[in-house]
Amino acid sequence: MKLRTLCSWLLCLAPLLPLAAHAAAPVTAALAAPGIPALTVHNAGGGQTYTLTIQLLALMTAITLLPAALLMMTAFTRIVIVLAIVRQAIGAGQAPPNQVIVGLALFLTLFVMSPVIDRIRTDAVNPYMAGSIDATVALERGVEPLKTFMLEQTRENDIATFVRISGGKGYDSPKDVPLMVLAPAFMTSELKTAFQIGFLLFIPFVIIDLVVASVLMSMGMMMLSPVLISLPFKIMLFVLVDGWALLMGSLAASFYR
């Protein structure tokens, strides 16, 4: 099951793979051109120098940055920040650890993005693999569902801010906003939304801390740490209300309200 889920996640990368293949054509043609000396092999008969072309270097760099870019253009940013804030609000230190937080965020992102992944596979990947469309059309069709998802989660004032920064004069419709403007606006909106959700989740735990601190002060226990006493109560409250299930369900529902 995990392998199937991971394969679905990799399908999200598929729309950008045609771009890599399309870009690899001029790279292959330029392999014979002079490039950057990368490796020199010496033997008894002399030496052989292997070079690395600028095009190939740029392609390798783009592929390296591709996963990070896609994570920032999906639901992952909001989910991982909210989970980290909840852990901080509970005050349980590194429980759950960072690996668990990132794993939860990644698989919940797969769940949230599954409709987008299905559209990418249906509209772009399958026709491209069948040979009915070329790489350019596949890339355009593959980016479109992801762009639609980002537009639904991005505030108009954030888009207007980055349009103004880029020196643009506006667009006729939201679909005309280029990805280079939409991506930072989407990340800004996701950060704001994540901190708003985190603030609301933080309040109940702060109230418990205040109540415990007030009780301890009224009892004259000035040297006893309120955090030490309130931690079991916060964990008990979170478990009794089935906090993890509520949190995961609310996070997933926040993207399709």
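At 47% relative accessibility, D242 counts as partly exposed, where the scale calls a residue buried under 20% relative accessible area, exposed over 50% and partly exposed in between, using a 1.4 Å probe and protein chains only. D242 sits in the loop between α9 (226–240) and α10 (243–253). Its phi is near 55°, a positive value in a residue other than glycine. Most residues other than glycine have a negative phi, and most peptide bonds are trans.

Before going further, a word on what you're looking at. This is a predicted model, in which local features need pLDDT of at least 70 and side-chain atom pairs count only at pLDDT 80 or more, while totals for chains, interfaces and linings use all residues. Residues are numbered from 1 along each chain as its sequence is written, and side-chain values use heavy atoms, with hydrogens and water left out.

Now step back to the whole chain. Its secondary structure comes to 10 helices and two strands; helices here are DSSP runs of H or I with at least four residues, strands are runs of E with at least two, and both are numbered from the N terminus. Starting from the N terminus, the order is α-α-β-β-α-α-α-α-α-α-α-α. Of the 257 residues of the protein chain, 33% count as buried. The chain exposes about 15300 Å², with carbon and sulfur atoms supplying 71% of that; the areas come from the Shrake-Rupley method with a 1.4 Å probe, and for residues only the protein chains shown count as cover. As for contacts (heavy atoms within 4.5 Å), take those in the protein chain with a separation of 6 or more: residues 24 or more positions apart account for 68% of them.

The axes are lines fitted to C-alpha atoms, for helices over the stretch in contact, and the angles run from 0 to 180 degrees between N-to-C directions.

Take helix α8 (residues 179–218) to begin with. α4 and α8 pack at an angle of about 25°, with their axes 9 Å apart. The two are therefore roughly parallel to each other; that label covers angles under 35 degrees, while over 145 is roughly antiparallel, 65 to 115 roughly perpendicular and the rest oblique. α4 passes α8 in a right-handed crossing, meaning that the near helix is turned clockwise from the far one by less than a right angle, with anticlockwise being left-handed. On the α4 side, the residues that meet α8 include T77, I81, I85 and A89. Among their partners in α8 are L191, F195, L201 and F205.

Helix α5 (residues 98–130) is another neighbor, packing with α4 at an angle of about 140°, with the axes 9 Å apart. The crossing of α4 past α5 is right-handed. The contact is made by F76, I79, V80, L83, A84 and R87 of α4, together with α5 residues including I101, A105, L108 and V112.

Then there's α10, which packs with α4 at an angle of about 155°, with the axes 11 Å apart. That makes α4 roughly antiparallel to α10. Their crossing is right-handed. Here I79, V82, L83 and V86 in α4 meet W244, L247, M248 and L251 in α10.

Let's finish with a few single residues. F238 lies in helix α9 and, at 12% relative accessibility, counts as buried. Leaving out residues up to four places away in sequence, F238 touches V86, I90, F205, G243 and W244. F238 and I90 are 148 residues apart in sequence, yet 8.5 Å apart in space, C-alpha to C-alpha.

V125, in helix α5, counts as buried at 13% relative accessibility. The C-alpha atoms of V125 and A135, 10 residues apart along the chain, are separated by 9.9 Å. V211, in helix α8, counts as partly exposed at 47% relative accessibility. V211 and P226 are 15 residues apart in sequence and 9.2 Å apart in space, C-alpha to C-alpha.
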